Amino acid sequence: MRRNLTLAATLAAVALAGPALAQDAERFRLERTDDGYVRMDTKTGAMSICRERQGQLVCTLAADERTAYEDDVAVLRERLKTLEDRVAALETGGSKADIPSEEEFDETLGLMEKFMRRFMGIVKDFEKEEKAPDTGKPAPDRT
């Protein structure tokens with residue numbers, strides 16, 4: 001009976017804590033077990049095992065979920081470090097490796113010029129074919 005009153009008081013305190021906690025109260029679902037309670041996070045599906053200790057409900061993640069949680073935290077820490085390093089590099093002017101050298105720029109410009117000259121040559125050939133008189137012979141294949 002005392003356990004039920006303690007649990008009821010805990011749930012009442014959570015319900016009266018305010019709108020922000022009300023959303024969290026709806027987020028978690030408690031189910032009674034022989035040893036205590038199982039709490040499920042309805043958003044993530046994470047399960048916690050809850051036991052009553054000294055009048056308080058104490059929840060711990062299940063063992064396999066704890067490992068998955070720690071793995072997720074490690075991945076997120078690594079991603080955060082990578083992003084922080086990247087932001088720091090951008091704030092200090094970035095790296096010169098991102099900007100092409102003068103030689104690379106000239107080479108690329110040369111390739112584009114070559115492409116444009118060939119393209120314009122093809123356009124001129126098409127214009128000549130359109131202006132040429134019709135001799136009754138099929139136009140030569142140009143591919």
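Trainee: Which helix are E113 and R117 in, and how many residues apart are they?

Mentor: Both sit in helix α4, four residues apart, or about one turn of the helix. Helices here are DSSP runs of H or I with at least four residues, strands are E runs of at least two, and both are numbered from the N terminus. Before you go on, this is a predicted model: local features need pLDDT of at least 70, side-chain atom pairs count only at pLDDT 80 or more, and totals for chains, interfaces and linings use all residues. Residues are numbered from 1 along each chain as its sequence is written, and side-chain values use heavy atoms, with hydrogens and water left out.

Trainee: Got it. What do the side chains of E113 and R117 do?

Mentor: They meet in a salt bridge, 3.0 Å from N to O. The term means a side-chain nitrogen of Lys or Arg within 4 Å of a carboxyl oxygen of Asp or Glu. Side chains of opposite charge can pair when their charged atoms come close.

Trainee: And how exposed are E113 and R117?

Mentor: E113 is partly exposed at 43% relative accessibility, while R117 is exposed at 60%. The cut-offs are under 20% relative accessible area for buried, over 50% for exposed, and partly exposed in between, using a 1.4 Å probe and protein chains only.

Trainee: How many salt bridges are there in the structure?

Mentor: Three. Another one joins K81 and D85, with the closest N and O atoms 3.0 Å apart. K81 and D85 are both in helix α3 (residues 63-91), four residues apart, again about one turn. K81 is partly exposed at 44%, and D85 is partly exposed at 43%.

Trainee: What about D41, which residue does it pair with?

Mentor: R27, with the closest N and O atoms 2.8 Å apart. D41 belongs to strand β2 (residues 37-41) and R27 to helix α2 (residues 19-27), so this pair ties together parts that are 14 residues apart in sequence. D41 is buried at 8% relative accessibility, whereas R27 is partly exposed at 24%.

Trainee: Switching to S48: buried or exposed?

Mentor: Buried, at 4% relative accessibility. S48 lies in strand β3 (residues 47-53). Beyond its neighbours within four places in sequence, its contacts include Y37, V38, R39, C59 and T60.

Trainee: And where is Q54?

Mentor: In the loop between β3 and β4 (56-61). Q54 is exposed, with 83% relative accessible area. Its backbone has a positive phi of about 50°, although Q54 is not a glycine.

Trainee: OK, zooming out. What pattern does the chain follow along the sequence?

Mentor: α-α-β-β-β-β-α-α, from four helices and four strands. Buried residues make up 6% of the 143 in the chain. Of the contacts with a separation of 6 or more, 11% are between residues 24 or more positions apart.

Trainee: Which residues form the nonpolar patch?

Mentor: F115, M116, F119 and M120, with about 420 Å² of accessible area together. Patch residues have over 30% relative accessible area and no salt bridge; like charges are joined within 9 Å, and nonpolar side chains (Val, Leu, Ile, Met, Phe, Trp, Tyr) within 5 Å. F119 is in helix α4 and is partly exposed at 43%.

Trainee: Which residues make the negative patch?

Mentor: E102, E103, E104, D106 and E107, gathered on the surface. Asp and Glu count as negative and Lys and Arg as positive, while His and the chain ends are not counted. Each charge is placed at NZ of Lys, CZ of Arg, CG of Asp or CD of Glu. E102 is in helix α4 (residues 102-131), and E102 is exposed at 58%.

Key
Contact = heavy atoms within 4.5 Å. Areas by Shrake-Rupley, 256 points an atom, 1.4 Å probe, with all protein chains shown as cover.
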